[in-house]
Amino acid sequence: MTDTSEARFGRRTVLVATGATAATLAVGAAAATDSPAATAPVAAAAVCTLTKEMTEGPYYLDGQYVRSDISEGKAGIPLKLTLTVVDDDTCAPLSNALVELWHADALGEYSGFVGNNGHNEPDNGTFLRGGVLTNSSGVAAITTVYPGWYRGRCVHIHVKVHTNVTLTSDGSFTGGQEIHTGQLFFNETITTRVAAVSPYSTNTVPRTTLAQDSIYDDGGAASGLLTLTALGSSTSSGYAGTLTLGVESS
């Protein structure tokens, strides 16, 4: 089961280009570097670019945990995401917005749907799923592992942004408004390195590249391409990923 046949949503949102300073901002820019120094999110006064939302796909599950680490001990290369949410009209940071993620593990399997990519493993319905509320600067910091791939899709992470949610006693959330649905994408050069490392190298499904993907439109950061920075000297050390999402908050 893939989400290649899903139609993209029509509502327009904003993605804000990221970079070290306002002077170096470029619309739609995205970069990959092996420098161990992480790139901090830019200030809210960045250059804004409108873009269409991406499909939710077939693997969403309601009622996931609110937590900053969604890895649940799954094997894989560490990935530390810093996603900044801003209002599309003012580019001001949006605080207390729930940024929710879900993605496949190293073998391309989604929790709740294990076996759809041809691999057998335990399935608890919650691994690599969850979200966190943005802080006063609009920043959501989430720890996970680098995603694997499944048939027909490039490596990606699904993302939703909700406002006015209510946190529940079981660690989940309810209610609120869903204001953005999209996907995050990864530099192909880095994905090729990751794919050569165990357990990714044991994924028996042919990998679809970024250029071959039917959802990603080669729009760079404006289409969800993360800026990736190495956390160490080897691929296994992991990566930091940053992107600023602008949303229609009203």
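Modeller: Happy to, and keep in mind that this is a predicted model. Let us begin with N96, which lies in the loop between β4 (78-87) and β5 (98-102).

Biologist: Does N96 count as buried or exposed?

Modeller: Exposed means over 50% relative accessible area. N96 has 52% relative accessibility, so N96 counts as exposed.

Biologist: What is phi of N96 near?

Modeller: N96 is a residue other than glycine, and its phi is positive. It sits in the loop between β4 (78-87) and β5 (98-102). The value of phi for N96 is near 60°.

Biologist: Where is N164, and is it buried or exposed?

Modeller: N164 belongs to the loop between β8 (156-163) and β9 (166-167). Phi of N164 is also a positive value, near 60°, in a residue other than glycine. Its relative accessibility is 57%, and the cut-off for exposed is over 50%, so N164 counts as exposed.

Biologist: Which residue does a cis peptide bond join to S198?

Modeller: Omega of this bond is about 5°.

Biologist: Now the strands: which are the edge strands of the open sheet of 4 strands?

Modeller: The order in this sheet is β6-β5-β8-β11, with antiparallel pairing. An edge strand pairs on one side only, and that holds for β6 (129-133) and β11 (177-185). From one strand to the next, the twist averages 20°. The edge strands are therefore β6 and β11.

Biologist: In β6, which residue is the bridge partner of W102?

Modeller: β5 and β6 pair in the antiparallel sense, over 5 bridges. Within β6, the partner of W102 is R129.

Biologist: How many bridges link β4 and β7, and which residue in β7 is the bridge partner of L79?

Modeller: β4 and β7 run in the antiparallel sense, with pairing over 7 bridges. In β7, L79 has as its bridge partner T144.

Biologist: How many of the 7 residues of β7 are buried?

Modeller: Buried means under 20% relative accessible area. Strand β7 spans residues 139-145 and is mostly covered. Of its 7 residues, the number buried is 5.

How values were computed
Residues numbered from 1 in each chain as written. Predicted model: local features only at pLDDT ≥ 70, side-chain atom pairs only at ≥ 80, totals over all residues. Heavy atoms only, no water. Helix = DSSP H or I, 4+ residues; strand = E, 2+ residues; numbered from the N terminus. Buried < 20%, exposed > 50% of the residue type's maximum accessible area, 1.4 Å probe, protein only. Pairing = 2+ DSSP bridges. Axes fitted to C-alpha atoms, helices over the stretch in contact; angles between N-to-C directions.
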